[in-house]
Every structure is written in C-alpha cells, then in structure tokens.
Amino acid sequence: MSHDLDELKRELLNEIAKSGTLEELEAVRVRALGRKGLISERLKGLGRLAADQRREAGAALNRLKQEVADAIAGRRAELERAELARRLESERLDVTLPARPVPRGRIHPISQVLDELVEIFADLGFSVAEGPHIEDDFHNFTALNIPEHHPARQMHDTFYLEPDPETGERRLLRTHTSPVQIRTMMAQKPPIRIIAPGRTFRSDSDATHTPMFHQVEGLVIDRDIHMGHLKGCLEAWLSAFFEVDALEMRFRPSYFPFTEPSAEVDIRCRREGGRLVIGEGDDWLEVLGSGMVHPKVLEHCGLDPAEWQGFAFGAGLDRLAMLKYGMTDLRPFFEADLAWLEHYGFDPLDVPTLAGGLGS
Ligand code: PHE
C-alpha cells in the first residue's frame with residue numbers, strides 16, 4: 001500500500017509540475033482529487049479495511065491528499081503569475097500617446113503660402129482668378145505687348161507644344177501668370193481686383209529654379225488708379241505676409257513690356273549666420289515685379305486707357321515660401337519626400353487667418 005502511494009505521489013507531483021497551463025493543471029486536479037479521482041476513490045475504499053489498518057492507511061492517504069493539494073495550489077500561483085506577466089507585456093498602454101488621433105498628412109508649404117495670400121487679399125477686397133496652363137501666343141505674349149520677334153520672348157525659355165497640323169499654331173505652357181490679366185480684362189468689366197495664383201513653366205533648372213514653379217499675379221483696374229495705390233497695396237500685403245509692422249520697401253525702376261512705368265520691389269532684410277531676418281538690417285531682397293498696366297495692354301483687352309487705369313504685380317510663390325519659412329533649395333518642393341513634408345509642412349487643422357496668425 002505505502003509503496004503504491006509513493007508511486008502515485010511521484011506520478012501526480014510530476015504531472016502537476018509539468019502542467020503548462022491552468023487548464024492542464026485543472027485536469028490533473030480532477031484526476032487526483034475529483035469526486036472519482038485516484039485519491040478520492042482510495043479514500044472511499046478505506047471502509048473495506050480492518051479498523052487498525054484503516055487508521056494508518058487513512059492518515060497516509062490524507063497526507064498524500066494534502067501534499068497534492070498544496071502542490072496544485074503552488075503550481076497554480078506560478079501559472080497565474082506567468083499569465084499576468086504575459087498580459088502586462090502584451091496589453092501595455094502608453095499613457096504618453098495623445099488623447100485624440102494624430103492628424104495624418106501635412107499641408108505643403110506652397111499650399112500654405114497660397115492660403116495665406118488668399119486670406120490677405122480677400123481682406124483687401126480681391127477675388128481669385130484662374131487661367132489654363134496651356135496657353136496660346138496671344139494671351140501669354142502678344143496681348144501683353146510682347147510682339148513676335150520681341151527679345152522678351154527669348155528671355156522666357158518657353159516650352160512649346162507640337163504645332164497644330166492644320167493651323168500651324170504652336171501652343172505653349174504659360175511662362176507666367178500674366179495671361180490671366182488678359183483673360184480677366186476680356187471677361188469682365190472694371191473695376192477689377194484679382195489675384196491669380198498658379199503653376200508656370202520655364203525651361204530652367206538649378207537650386208532656385210525648377211521647370212515648373214508657381215507665381216501669383218495681382219491686377220487692379222479702376223478709374224484714377226496710380227502708383228500710390230500700387231505702393232499701398234504691396235505694403236499692406238507684404239507686411240501682413242511677413243508679419244512685420246510697416247515693412248520697408250524699395251522700388252527699383254525696371255522694365256516689363258506690359259507695364260509702364262515698371263518697378264521691381266525689394267524689402268529690407270538682414271542675413272544672420274545663414275538665417276534671413278526680414279524687415280530690418282542693411283540688405284535688400286527682391287520679391288516681385290510690378291507696374292502700371294501698359295495702355296497697349298488695356299487696348300488689347302478692349303478697355304479705353306483714357307477711362308481705365310490699373311496696376312499689376314507678379315511674384316514667385318515658391319520663392320515667397322522659401323523666404324518666409326527658411327528653405328534654401330527649391331527642388332525638394334516637388335520631390336514628394338514625406339520626411340521633408342513632415343518637417344516643412346503645416347498642420348491641416350491650423351488654417352491661416354489674419355486674426356489668428358498666418359503661419360503659426
Ligand atoms: N510676369 C512677370 C514675370 O513673370 C512679373 C510681372 C507681373 C511684372 C505683373 C509686372 C507686372 O516676371
């Protein structure tokens with residue numbers, strides 16, 4: 001009997017130690033201590049023994065029962081600790097994560113600057129006009145007082161399309177946003193106040209030039225418009241855009257076939273260890289071309305220059321973005337590099353407003 005119990009004990013303790021899950025352990029418990037378990041059956045069999053044998057065998061069985069129960073409780077505690085550790089590892093919660101979902105995607109600096117410009121000019125009473133990227137000679141050149149064989153045509157490094165097989169006409173990718181001036185003046189009656197932002201194309205490529213780039217055009221047509229209006233408008237725009245009170249500007253006489261007089265506009269700046277500070281210092285930075293709309297341009301659009309005058313200006317949108325947000329290379333603007341966009345892009349929920357801050 002005692003030999004038999006030793007054998008049973010070894011077997012049961014071995015099974016308990018080997019059980020790898022709570023379910024396996026429970027199966028061992030049922031097999032040993034369940035109502036029909038190995039130990040329970042033996043306890044029931046005690047009644048068949050003589051009284052003196054019964055006491056001894058009963059004591060031995062109860063000791064075994066107790067040892068097995070203790071071993072099961074010990075193993076259960078071990079398995080539960082392991083299970084808890086596993087859950088803590090797999091169900092770990094990072095309490096430093098933001099409470100709301102992280103906004104995905106960034107606003108490209110060009111889109112951001114465009115939104116800023118639309119906001120500023122809307123406040124000044126301008127609306128947004130658009131024109132096609134594929135233009136004809138008339139809108140891109142002739143109507144802008146750049147006749148055929150005019151040297152300004154060579155200056156534009158134009159991309160031409162294949163000539164039309166029937167008419168021989170060669171359409172082109174617009175080299176500036178100025179054709180939108182023409183389209184607007186031909187389509188609507190003055191007074192006109194528009195900006196025309198958009199893509200432009202020239203066969204040119206280096207750190208600050210890409211074959212496709214962006215410009216923003218401005219056009220105002222009304223009665224008795226003069227250079228003072230142009231200056232006031234540019235001052236309001238550039239101060240708001242660069243977020244500098246009373247930004248100092250310099251008008252340099254220049255030449256554009258479609259404006260007379262023409263001026264290139266510089267703003268005061270300072271370079272400080274690779275950083276550009278706008279609005280103070282002894283340096284000047286060219287930001288745009290401008291002038292009074294040439295009478296011939298008004299005539300091409302069916303407007304009487306004796307009645308209507310106006311001013312126009314054109315600036316590089318990408319260049320404005322580079323100056324305001326401190327980028328030195330233009331090429332990554334068009335490389336769709338997500339790491340670059342993550343760094344230089346803007347929060348989609350942070351819409352620029354004059355009241356709330358344009359570029360914050
Ligand atoms: N279209 C000119 C350019 O691309 C800029 C400009 C626009 C100048 C309007 C004067 C008036 O360089």
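Colleague: What radius of gyration does the protein have, and what would a compact globule of 360 residues have?

Modeller: The radius of gyration is taken over C-alpha atoms, and the globule rule is 2.2 Å times the number of residues to the power 0.38. A compact globule of 360 residues would come near 21 Å, but the protein has 42 Å. Its C-alpha trace spans about 135 × 55 × 40 Å along the principal axes. Please note that this is a predicted model, in which local features need pLDDT of at least 70 and side-chain atom pairs count only at pLDDT 80 or more, while totals for chains, interfaces and linings use all residues. Residues are numbered from 1 along each chain as its sequence is written, and side-chain values use heavy atoms, with hydrogens and water left out.

Colleague: Which domains does the assignment give, and how far apart are the C-alpha centres of domain 1 and domain 2?

Modeller: Domain bounds come from an automatic or database domain assignment. Here that assignment gives domain 1 (2-90) and domain 2 (109-344). The C-alpha centres of domain 1 and domain 2 lie 90 Å apart.

Colleague: How many helices and strands does the secondary structure contain?

Modeller: Helices (H or I, at least four residues) and strands (E, at least two) are DSSP runs, numbered from the N terminus. The protein has 12 helices and 10 strands.

Colleague: How many bridges join β6 to β7?

Modeller: Two strands pair if DSSP finds at least two bridges between them. Strand β6 (residues 249-256) and strand β7 (residues 259-272) run antiparallel and are joined by seven bridges. A hairpin of two residues leads from β6 to β7. Phenylalanine 256 has threonine 259 in β7 as its bridge partner.

Colleague: Which residues come nearest to the ligand?

Modeller: A residue is near a molecule if one of its heavy atoms lies within 4 Å of it. There are 14 residues around the ligand, and His176, Ser178, Arg202, Gln215 and Glu217 come nearest. The shell divides into four nonpolar, eight polar and two charged residues; Ala, Val, Leu, Ile, Met, Phe, Trp, Tyr, Cys and Pro count as nonpolar, Asp, Glu, Lys and Arg as charged, and the others, Gly among them, as polar. Strands β5 (212-222), β9 (283-293) and β10 (309-316) each supply at least two residues of this shell, and β10 gives the most, with three.

Colleague: Which atoms of the ligand lie 3.0 Å from the side chains of histidine 176, arginine 202 and glutamine 215?

Modeller: A polar contact is a pair of N or O atoms within 3.5 Å. An N or O atom in the side chain of histidine 176 is 3.0 Å from a nitrogen atom of the ligand. For arginine 202, a polar side-chain atom lies 3.0 Å from an oxygen atom of the ligand. Glutamine 215 likewise places a polar side-chain atom 3.0 Å from an oxygen atom of the ligand. Taken alone the ligand exposes 330 Å², of which the protein buries 90%; accessible areas come from the Shrake-Rupley method with a 1.4 Å probe.

Colleague: Where are the cis peptide bonds joining proline 190 to proline 191 and glutamate 260 to proline 261 placed?

Modeller: Most peptide bonds are trans. A cis bond joins proline 190 and proline 191, with omega about 5 degrees, and proline 191 is in the loop between α8 (179-187) and β4 (192-201). Another cis bond joins glutamate 260 and proline 261, with omega about -5 degrees; proline 261 is in strand β7.

Note on methods. Polar contact = N/O pair within 3.5 Å; in protein donor to acceptor, adjacent residues only side chain to side chain.
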